[in-house]
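I opened my notebook to look up charged side chains. Here is what I wrote down.

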Amino acid sequence: NANANANANANISSNESATTLDHPGDSSETETTNSSSTTEQKDRKKCLPMAEWMEASYPNCNSVHEIDMKSSVSSSSSTNGDDQDEEEEEEGGDLTFLGEGWFRSTWKYRNNYGYDYDFDPFLQTDEDESGDESSSRPPPQAVVLKTLRIEREFLDEYFDLHRRDAIAMERLTFSPYVVNVHGYCGQSAINELAEGIVRGKITNLEQLNRRLRGKEENPQALFLKLQLATGVAMGLAHVHNIHVSDSGGGRSRSIQTLLYQHTDPNSTHSTTGFGRSVPTMAHYDLNPRNIAIMEDGSPKLNDFNIAEFMTYDPETKEPCGFRSRLHEPWWRAPEEMNTNTTHTTFVDEKVDIYALGEVLFHILTTHGPRGKMKKYRMEEVRALVRQGIRPTMFEPFASGGKDGYLHRNNIVRAFFKAMDLCFEFDPAKRGSAIQIARILHKALTREQNERKKAKEKQQRQKQ
């Protein structure tokens with residue numbers, strides 16, 4: 001039904017609406033503070049993109065134009081009538097409006113007879129008796145169609161937001177922790193659909209975290225939280241470490257390679273091909289609503305339309321940073337609170353790390369790190385963030401729970417260790433995405449091994 005479809009895609013609509021609070025071009029803040037702890041402001045005119053793909057565009061318009069929106073909407077609308085039987089409803093395409101954000105509308109599209117965006121014919125080998133492979137072809141998967149809102153003009157800014165979103169996800173196709181893109185053309189895109197779990201009632205990380213409230217000392221719930229945290233951290237590690245090369249072999253696909261090789265601080269190895277692993281991209285809008293929950297329960301980073309492609313100074317070979325432009329404090333770093341109408345702060349990818357710490361806080365405690373996101377609290381919370389005051393830990397994690405169990409728990413200890421690196425006030429001292437992911441992945445591997453041993457012991461005892 002329509003409500004189920006809307007719930008199943010809450011992550012899509014909330015992702016779009018998340019940017020409405022702070023429009024990319026908004027600079028209406030009125031603080032008057034200095035920026036002593038931010039990246040040095042560079043001469044933007046001489047800063048260059050680190051890679052050619054950052055200025056590229058790879059549209060595949062045929063895939064987008066194959067969607068017949070007019071007949072699909074008509075077909076979808078007619079299914080609400082009493083004179084439409086089930087057989088007729090299954091014919092053709094189905095397009096369902098999900099919601100809209102500041103500049104885009106989102107739709108769920110299921111093509112019942114056309115191209116399956118998730119089907120790879122090169123991986124299909126089974127044939128039936130007639131030699132026809134079509135009988136073993138999987139059913140088409142629903143996808144998300146994103147289009148420019150009807151009242152918006154075709155501005156260059158919006159073209160670039162769509163291009164940026166598509167390029168970022170195209171570069172991250174190798175990552176199992178990032179939502180896939182299937183098509184892109186002008187002001188439209190076709191992306192992977194997050195069907196979610198619990199019959200589509202949980203489609204983003206915020207919703208899942210709240211479902212775990214009240215299970216703070218439950219071992220299985222803690223294990224699930226560690227799995228979620230590791231997936232999010234791995235996704236951000238992939239975002240920050242996209243290789244500058246266009247060749248597929250230049251990307252870090254292996255967890256073992258990315259997290260556990262070349263860990264020596266003096267190593268000259270580069271995961272990005274630029275300097276000593278200088279990050280090439282920042283997500284810049286990391287929060288639980290922008291992390292989709294897939295049908296298997298895994299988390300995937302989503303919504304890259306305000307992602308930042310990093311630039312550098314060709315004379316010094318140093319990164320330039322990018323202009324801070326999102327200033328609501330709920331998921332932001334201290335250095336982002338220093339921009340106002342007369343002063344521009346330049347930041348770097350370390351703002352993502354601080355946001356990652358706040359996401360980890362939300363996963364562990366199931367509560368927002370800065371409390372309720374109310375407009376009347378904005379100035380108060382902004383002041384706390386600007387001063388580098390960390391989120392106040394909730395119970396029972398603050399006291400350690402019953403008999404101090406949580407303070408001894410290896411999962412909770414891994415969360416605290418990772419958050420300590422994320423919440424460093426000085427961006428230069430803040431951990432990297434790889435470091436955070438390594439801490440959580442080690443804890444997850446240890447937990448999985450202990451569970452495997454415990455299960456084997458139980459099986460031996462039964463024998």
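**Charged pairs and a patch**

I began with Asp313, which is buried, at a relative accessible area of 3%. I noted that the model is predicted.

Next I looked for a partner. The side chain of Asp313 meets that of Lys46 in a salt bridge, 3.4 Å from N to O. Lys46 sits in the loop between helix H2 (10–18) and strand E1 (48–49), and Asp313 in the loop between strand E11 (311–312) and strand E12 (322–323), so the pair ties together parts 267 residues apart in sequence. Lys46 is partly exposed, with a relative accessible area of 31%. I also found Glu315 here: a network of salt bridges links Lys46, Asp313 and Glu315.

How many salt bridges does the structure hold? I wrote down 22. I looked up two further pairs.

Glu336 and Arg332 join their side chains in a salt bridge of 3.2 Å, N to O. Both Glu336 and Arg332 are buried.

Glu447 and Arg451 form a salt bridge through their side chains, at 3.5 Å, N to O. I placed both in helix H14 (residues 433–462), four residues apart, about one turn of the helix. Is Glu447 buried or exposed? Glu447 is buried, because its relative accessible area is 16%, and buried means under 20%. Arg451 is partly exposed, at 29% relative accessibility.

Arg199, Lys201, Arg211 and Lys215 form a positive surface patch. I located Lys201 in the loop between strand E6 (188–192) and helix H7 (205–211). Lys201 is partly exposed, with 43% relative accessible area.

Note on methods: Residues numbered from 1 in each chain as written. Predicted model: local features only at pLDDT ≥ 70, side-chain atom pairs only at ≥ 80, totals over all residues. Heavy atoms only, no water. Patch = residues over 30% accessible without salt bridge, like charges linked within 9 Å, V, L, I, M, F, W, Y side chains within 5 Å. Areas by Shrake-Rupley, 256 points an atom, 1.4 Å probe, with all protein chains shown as cover. Salt bridge = Lys/Arg side-chain N within 4 Å of Asp/Glu carboxyl O. Lys, Arg positive; Asp, Glu negative; His and termini not counted. Charge placed at Lys NZ, Arg CZ, Asp CG, Glu CD. Helix = DSSP H or I, 4+ residues; strand = E, 2+ residues; numbered from the N terminus. Buried < 20%, exposed > 50% of the residue type's maximum accessible area, 1.4 Å probe, protein only.
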